[in-house]
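Colleague: Please take me through one part of this model in detail. I would like the pocket and the strands beside it in the numbering.

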Amino acid sequence: MTMKSRFLLTSLALVTLALAGWHRQLSYGFHVLLRHGGTYWIDVAPDSPRLSRSMRLALRDAPDATPGDFAWQSIAPGFDVADLPVSASDEIVDHILLARIDPARYRFVLRNAPAGDRNLDDWMTQLDAALVVNGSYFTRTGEPDTPVLSDGVPLGPSDYDAKAGAFVAGDGFAGIRDLAGQDWRSAFRGADNATVSFPLLVAEGENRVKRESNWLANRSFVGQDSAGRVLIGTTTDAFFSLGRLAKFLLQAPLDLTSALNLDGGPVACQGIALNGYRRMSYGRWEAQTEGGQVRLLTWPYGSVAMPVVLAVLPMGDGALPGGKP
């Protein structure tokens with residue numbers, strides 16, 4: 001092959017890659033605009049009525065939060081739900097919607113819709129899932145921003161320096177892996193579905209969030225208790241920064257041995273549909289703070305898409321551990 005031929009082939013390959021990336025970005029942007037008009041930041045005062053009451057309280061005083069009374073409700077063998085109230089300054093400032101799941105009875109799968117054309121309702125219907133919660137972070141083209149394994153297929157970056165945690169699941173097992181002492185590739189080994197995320201909120205009974213901020217958002221996390229059950233939680237408001245959430249989870253009577261933060265903000269949604277029980281929660285809040293300035297994420301209409309999700313599927317109707325729905 002001549003030098004000119006090699007140059008032409010290389011140029012063609014680069015153009016093809018550029019066009020593919022442009023197409024992905026165009027597709028994601030189109031669906032985002034169609035679904036909710038796009039997201040953007042606006043400047044607001046810390047006491048602005050555009051913020052929730054809980055956010056205004058957190059920005060003003062950041063009071064300590066304590067868990068309220070709650071009880072687990074079994075809606076199917078190996079699947080419990082609860083609503084954990086969050087109290088501060090003598091009032092309820094948030095709720096954490098919880099699910100506690102036996103990984104021997106249910107499958108955990110990661111899914112990606114890079115076109116940005118699926119919200120919580122779409123995912124619940126498409127997967128016929130018992131539970132759907134948002135996954136880890138995603139790029140401007142709707143693809144995973146951290147390494148992901150979806151039914152054995154790697155997604156997201158292949159070269160990634162992960163120091164926080166990973167959620168991994170395979171035949172009859174699921175749990176959190178601390179990446180402080182191991183590579184994410186070794187953590188994924190033996191799993192069919194997995195995702196890297198950050199920060200690791202709780203590990204070995206300790207708060208692992210070392211750097212506090214006042215970034216407030218709807219939050220989702222996946223954790224594990226001492227019995228090996230998987231706990232999934234999503235807040236209904238945005239009272240918590242990450243550090244205060246970690247502190248609260250250690251105080252709450254959840255028997256957590258580990259908890260890994262998932263993406264937060266409007267994508268922090270959770271749906272459950274199992275044995276006649278139904279619960280849907282949609283993220284709404286995300287605010288960055290720096291000094292006395294607050295920036296609130298907003299959008300004109302509609303619902304925000306969920307490009308990356310973690311879903312829980314019953315092992316039944318022909319579905320076997322590690323198989324596809």
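Modeller: Two strands count as paired if DSSP finds at least two bridges between them. The model is predicted.

Strand 22 covers residues 293-298 and runs antiparallel to strand 1, residues 40-44. Five bridges join strand 1 and strand 22. In this pairing, D43 stands opposite R295 of strand 22.

Strand 22 has another partner. Strand 21 pairs with strand 22, again in the antiparallel sense, over four bridges. Here E290 faces Q293, a residue of strand 22. Strand 21 and strand 22 form a hairpin with two residues between the strands. G291 takes a positive phi in this hairpin, near 65°.

The largest share comes from helix 1, with three lining residues.

Now the pocket itself. Its volume is about 990 Å³. In total, 35 residues line the largest pocket. Nearest its centre lie Y137, W215, D263, G264 and E286. By class, the lining holds 18 nonpolar, nine polar and eight charged residues.

Terms used. Residues numbered from 1 in each chain as written. Predicted model: local features only at pLDDT ≥ 70, side-chain atom pairs only at ≥ 80, totals over all residues. Heavy atoms only, no water. 1 Å grid on protein atoms, 1.4 Å probe; cavity = no way out; pocket = protein on both sides within 12 Å on 5 of 7 lines; lining within 4 Å. Points joined across faces, edges and corners; volume = space filled by probe spheres on them. Nonpolar A, V, L, I, M, F, W, Y, C, P; charged D, E, K, R; others polar.
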